[in-house]
Amino acid sequence: MSLEFYNLKVIRLEDQVRNLAEQVGKLVDDGWQNSLCLDNIRKRLLDVERESEQLRKSLDETHSNNEMGRKDISALQIELEEERFNNNRVGEEIEVKMRKAAGLKARTQGSVLEKLHQELREYKGILKCGICDDRQKEVVIAKCYHLLCNPCVKRTLENRHRKCPVCSMSFGPNDIKSIYI
Ligand SMILES: [Zn+2]
Ligand SMILES: [Zn+2]
């Protein structure tokens, strides 16, 4: 039952007690000797007083229950606050770890990428003509098996002494063979 209900009931009972007390007082003053009626009124007065007392007790209990409820709520609020604090701390820790992981990932990716670029440069170097260092290897000198691009080998062929520009081995026009990479 709610506090309002108890309060209303107590007020009503107190009114009744007052009314009955007034009636008793009046009857005594009037000198009315009907003791039976007076006894009835006294009994009712006692009943009402008892009921009032019980209501007061219930009211007190309700009050103390509310008090306990308030204490429980305070304890829960403190607990909730601690939980929030812990959650925030865990959240911060996760954020720091994620930042570290992201940094590590970036560095790892960076070094992997750098390594791949390096390999790419090396492979490109293998495919490029070693004389002009520009065009792709297109022919082989079938004497020393050095690989060159067409313009570089043509230039060498135009000379009187046809020598491989890499190892200086002499070769003839028939030694030039196309290759297909
Ligand atoms: Zn070349
Ligand atoms: Zn050669």
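What is the mean pLDDT of the protein, and what share of its residues reach 70 or more?

Analyst: The mean pLDDT is 87, and 98% of the residues reach 70 or more; pLDDT is the predictor's confidence in each residue, from 0 to 100. This is a predicted model, in which local features need pLDDT of at least 70 and side-chain atom pairs count only at 80 or more, while totals for chains, interfaces and linings use all residues. Residues are numbered from 1 along each chain as its sequence is written, and chains are lettered from A and ligands numbered from 1 in the order in which they are written.

Now to the sheet. It is open and has 3 strands in the order E2-E1-E3, with antiparallel pairing. Strands (E, at least two residues) and helices (H or I, at least four) are DSSP runs, numbered from the N terminus, and two strands pair if DSSP finds at least two bridges between them. Strands E2 (147–148) and E3 (176–178) stand at the edges with a single partner strand each, so one side of each lacks a neighbour in the sheet. Strand E1, residues 139–141, pairs with E2 over 2 bridges in the antiparallel sense. Val140 has Leu147 in E2 as its bridge partner.

Confidence in the protein is highest in E1, at 97, and lowest in helix H1 (residues 3–30), at a mean of 80.

For context, UniProt, in an unreviewed entry, places the feature "domain: RING-type" at residues 129–168; its positions use the numbering here, feature names are shortened, and annotations may be inferred rather than shown by experiment. Across residues 129–168 the chain is 22% helix and 12% strand, with the end C-alpha atoms 16 Å apart.
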